[in-house]
Amino acid sequence: SSLAGGSKVTATVVDSQLVLTMDPPGLGNEMQAQDLTGDVLAQLGVLDGAGSFKNELQSPANAVFTVNGLRVERSQNTGLTDVINGLTIDLAPDAEGKTATLQVMRNVEGERKALDTFIKQFNSLMAYLSEKVATTKLADDTYKRGALAGDMMFSSFRYDLLRMLNTDHVNSGGILNLRQLGITMDDNFKLSLSSVSSFETALKENKTGVTQFLDQLMGSLSEQLDRFTGTSGYLKSTTAQLDTRLKETNNQIKTMNERLAAKEESLYAQYGEL
């Protein structure tokens, strides 16, 4: 049951015995119980005759330990986030009288996954655009044109994206291009993380510079993409134009069918007279 101030008492039965546990633990959080009327708790063996718990398995106490020679005291053993900045410490139940050495290293797994996702999506976009804007010669000396072949806007879009990923981006963070992060592009315009160690070293030694460079690069890419996929971008305006042309073409087809139907009736009448 929950008590005032956020405290909570949990009751369990172990080997036919009632066990009461107080949360949060630590000094100053002593559990108290009393009968409103009579002495039922004493008769049940919960309290002694003086009003204290008859069988106290563990009295409230704080965890006391040292970090780098400094004495630290906390009211709980786990989830200690305010002892060492950036770390969460859990004290083992059998840690009394023991020591441990903590080796803290930066975890770059999250950044690595985000980078892998970006590379995968970029390569997918480049493969799609390369196929759609290309004109390919076939074995029979004929040519196959992509759906966007001849559309200079998409050819320019593809070129601009490639240029952004291959040029330097001037900033004060010390990271100017993807090559410094171990990211390279092959002759087929496919990105890859060719040097994992370069990426991890850059993150460990200059995370601020890496973040600044990637923010700048992704901002430029996002701005370029918005020219095509934004609410007033090229795709939306082109789609609207195509929809208008399609509507006009359908109207022309409808008008022509009506003319053909009228011509057909005229011919039937003419040949009927003959």
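Leaving aside its neighbours within four places in sequence, which residues is His169 in contact with?

## His169

They are Met164, Ile175, Leu176, Phe213, Gln216 and Leu217, where contact means heavy atoms within 4.5 Å. This is a predicted model, with local features needing pLDDT of at least 70 and side-chain atom pairs counting only at pLDDT 80 or more, while totals for chains, interfaces and linings use all residues. Residues are numbered from 1 along each chain as its sequence is written, and side-chain values use heavy atoms, with hydrogens and water left out.

His169 sits in the loop between helix H3 (152-166) and strand S7 (183-185); helices (H or I, at least four residues) and strands (E, at least two) are DSSP runs, numbered from the N terminus. With a relative accessible area of 11%, His169 is buried (under 20% relative accessible area, 1.4 Å probe, protein chains only). A polar atom of its side chain lies 2.8 Å from the backbone oxygen of Met164.

## H3 against H4

H3 packs on helix H4 (residues 196-229) at about 175°, with the axes 10 Å apart; axes are lines fitted to C-alpha atoms over the stretch in contact, and angles run from 0 to 180 degrees between N-to-C directions. So the two are roughly antiparallel (angles over 145 degrees). Met164 and Leu165 are among the H3 residues making the contact, and Leu217 is one of those from H4.

## Asn177

Asn177 is in the loop between H3 and S7 too, and is buried at 8% relative accessibility. Its side chain is 2.9 Å from that of Asp168 in a polar contact (N or O atoms within 3.5 Å, one able to donate a hydrogen and the other to accept it; residues adjacent in sequence count only if both atoms are side-chain atoms). A polar atom of the Asn177 side chain also lies 3.1 Å from the backbone nitrogen of Gln180.

Conventions
Buried < 20%, exposed > 50% of the residue type's maximum accessible area, 1.4 Å probe, protein only. Parallel < 35°, antiparallel > 145°, perpendicular 65-115°, else oblique.
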